[in-house]
Amino acid sequence: MSAFVFLFQLFGGIVGQVALMQGMFVLRPAEAGIDHPSRPHRMFYRGMALMMCNLWSLLATVLLLDAAGIDVLAPGLSQPARVAILVLLPLPLLGVFYWLYRRFLHWAVRGDGRANR
């Protein structure tokens, strides 16, 4: 079960990342993605953004905990505990990454950066 949850988060994050890309290395603009005028499109792109941010949050959290020497999936844990850890582990950084993603898209649309001039 924990392998299924991990694979769902992994492949869901990859699908979300691909859905939000306009080209090979170009993110879809905010008005064509998470701020789309159509409600169904807007909800789809926001869901994809949450899945993408969940993947990056999970990877960042696991890497930080591993660097700190903390073993979150200790061998003695039961299966429901492992699933709960995999689901709850990325949540603290998920909101931060989603907020940063939205801020970056709106910043890029405004053209405040030197790269856009």
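Q: What makes up the secondary structure of the protein, and how many helices and strands are there?
A: In this predicted model, the secondary structure of the protein comes to four helices and zero strands, and from the N terminus on the elements run α-α-α-α. The C-alpha trace spans about 55 × 30 × 25 Å along its principal axes.

Q: How do you know which helix has the lowest confidence and which has the highest?
A: The mean pLDDT is lowest in helix α3 (residues 79-88), at 85, and highest in helix α2 (residues 39-67), at 91. For the protein, the average pLDDT is 85, and 95% of the residues score at least 70. Where pLDDT is low, the predicted coordinates should not be read in detail.

Q: What makes the buried residues of α3 lie on the same side of the helix?
A: The buried residues of α3 are Arg 82, Val 83 and Leu 86. They cover an arc of only 100° around the axis, and therefore they sit on the same side of α3. These buried residues pack against α1 (2-19) and α2, while the face of α3 turned away from the buried side carries the exposed residues Pro 80 and Leu 88.

Q: Why is Pro 80 called exposed?
A: Pro 80 is found in helix α3. A residue is called exposed when its relative accessible area is over 50%, and Pro 80 has a relative accessibility of 59%, so Pro 80 counts as exposed. As for its position, the C-alpha atoms of Pro 80 and Gly 95, which are 15 residues apart along the chain, are separated by 24 Å.

Q: Why is Phe 6 called partly exposed?
A: Phe 6 lies in helix α1. The label applies between the cut-offs of 20% for buried and 50% for exposed; because the relative accessible area of Phe 6 is 34%, Phe 6 is partly exposed.

Q: Which residues make the nonpolar surface patch that includes Phe 6?
A: The patch, of about 460 Å², is made by Phe 6, Leu 7, Phe 11, Ile 14 and Val 18.

Q: What part of the protein is buried, and what part of its accessible surface belongs to carbon and sulfur atoms?
A: Buried residues make up 27% of the 117 residues in the protein. The accessible surface comes to about 7600 Å², of which 72% belongs to carbon and sulfur atoms. Turning to contacts between residues at least 6 apart in sequence, 71% join residues at least 24 apart.

Notes
Residues are numbered from 1 along each chain as its sequence is written. This is a predicted model: local features need pLDDT of at least 70, side-chain atom pairs count only at pLDDT 80 or more; totals for chains, interfaces and linings use all residues. Side-chain values use heavy atoms; hydrogens and water are left out. pLDDT is the predictor's confidence in each residue, from 0 to 100. Helices (H or I, at least four residues) and strands (E, at least two) are DSSP runs, numbered from the N terminus. Buried means under 20% relative accessible area, exposed over 50%, partly exposed in between (1.4 Å probe, protein chains only). The arc is that of the directions from the helix axis to the C-beta atoms. Contact means heavy atoms within 4.5 Å. Patches are made of residues with over 30% relative accessible area and no salt bridge: like charges are joined within 9 Å, nonpolar side chains (Val, Leu, Ile, Met, Phe, Trp, Tyr) within 5 Å. Accessible areas come from the Shrake-Rupley method with a 1.4 Å probe; for residues, only the protein chains shown count as cover. A salt bridge is a side-chain nitrogen of Lys or Arg within 4 Å of a carboxyl oxygen of Asp or Glu.
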